[in-house]
Amino acid sequence: WEHHGEQAPGRNLNFRLDSAETRRLVKQWLAELVPLFASPYVHAGCDELFTLGMGNSGDLMRREGFEKTLAGYLNEIAGHLKSMGKRMMMYADMPIHYPELRDMLDDEIILTNWNYGKLHEAYEADNHHFSRHLDVCAKHENWVVGNCMAEYALTPFSRLEANTAAWLDLGAESKADGFIVSDWGTGENSNPFVLTLLGSIYILQKINDRNYSLQDFAAEASNIIIGRRNADFEQAFKFLITAQGNDKYFDDLRVSDLRGPFFSALFLSSPQSKAIHRILGAVSREGIVAFVRDAEAAAAMIGKIAPDATSEPELFRDIIALARRTQVVALRALLCYDRVWDTGSAWNTEKDIAPRLEMLNEYRALAREDIKWYQELWNKDNLESCRDRCICLLEAAMREMDDAVVFMDNARNHFTPGAFLPSSNTFNQTIKHKT
């Protein structure tokens, strides 16, 4: 990679374009790889090429022009794929940000446009994937790319619903030939495959029936996983996928509507991180207490169902684990909330600290179960690859919670252990006597 990457400051995610040897090797690699797949399409990526032209390719691009150089490279790769009977797809990021590029690309290149959020989120304000979709795809066959939302610790249903609807509407206008269900495993892939499955089922059903609702989704999940309709399961399932961004628990919706889902941060970030302070500084404690209570109730409802009595026991066990993970997120949120609001305080009493320590121990027990489950899940379903990094991330998140309970520098802490500390009544009587 040191010879064939862009080698620019920051994120290096793309090949250099100025090297004939690099181009030759890319074509050779494609010639070996492509015959292994029956699909008529090869996706070339090309999203988020943040450092393109800022390293090895810089001189060429300054001399020939950015758009001309990039179009020449992409058309060359598309022609190479065409010689093997394949059509090239690419993300629409670069034609969106560099409009002249659109008409320079080979007409047979298929543009796939993605955005994984809602119409008015912060990402769209800067990147314009929704607002410029019709223009960027005007002269090319196009596909739209939605997201199954598996990357956010728990499915954020409101975001899944809004994202799917936005792309179905835009895809209809642009006469899109396909809908790609994307799955992006952020957080070192710490999210289980069952989330991918559930989000994909929703999107596929929504494509077929625009009236498909949350209730329909819960009923279908029950039929698939339990093998029949089950009221407890459906109620708990709806809680699990709607908790994120629910204003009953997180009453300042700016937290989710403008910046996207935040359960990943609550699940994995340090109690001292800016992400935790930003989220929990904007909501009420009462809402998070309700979240903790409802998460426990949902886990109990699911726990009443025997796994062996379901049609998909493995998937059902994953749902049980997701309910437990929701409790982990909820307890972590409450512990971190109290820590955020203790920051800068001068005093805490034993009455304040004792229930937090009890909650911390409950969190640790559930977090250990979560890590054990995920490690078993990974070993069963995946190659080792980044398993150890994922487990380290989960373990670090648990370990960092040791700092979640803040012991203030109270006067009582300075007394010799066992020393007499007057009760409030004795103290008041003493003060009255002295007065």
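I searched the whole structure, a predicted model, and found 24 aromatic pairs. I counted rings of Phe, Tyr and Trp (its six-membered ring) as paired if their centres lie within 6.5 Å, with planes under 30 degrees apart taken as stacked, over 60 as edge-to-face and the rest as tilted.

I looked up tyrosine 41 and tryptophan 143, which pair edge-to-face at 5.2 Å centre to centre, with 70° between the planes. Tyrosine 41 belongs to strand E1 (residues 41–43) and tryptophan 143 to strand E4 (residues 142–147), so that this pair links distant parts of the chain, 102 residues apart. I took strands (E, at least two residues) and helices (H or I, at least four) as DSSP runs, numbered from the N terminus.

I then checked accessibility with a 1.4 Å probe on protein chains only: buried means under 20% relative accessible area, exposed over 50%, partly exposed in between. Tyrosine 41, at 29%, is partly exposed, whereas tryptophan 143, at 15%, is buried.

I next recorded phenylalanine 239 and tyrosine 249, an edge-to-face pair at 6.0 Å centre to centre and 85° between the planes. Phenylalanine 239 lies in helix H12 (residues 231–242) and tyrosine 249 in the loop between H12 and helix H13 (254–257), so the pair ties together parts 10 residues apart in sequence. Both residues are buried.

I noted one aromatic cluster formed by Phe157, Tyr202, Tyr212, Phe217, Phe233, Phe237 and Phe316.

I also found arginine 325 over the face of tyrosine 374, 5.4 Å from the ring centre; the criterion is NZ of Lys or CZ of Arg within 6 Å of the ring centre and within 35 degrees of the ring normal.

Residues are numbered from 1 along each chain as its sequence is written, and side-chain values use heavy atoms, without hydrogens and water. In this predicted model, local features need pLDDT of at least 70 and side-chain atom pairs count only at pLDDT 80 or more, while totals for chains, interfaces and linings use all residues.
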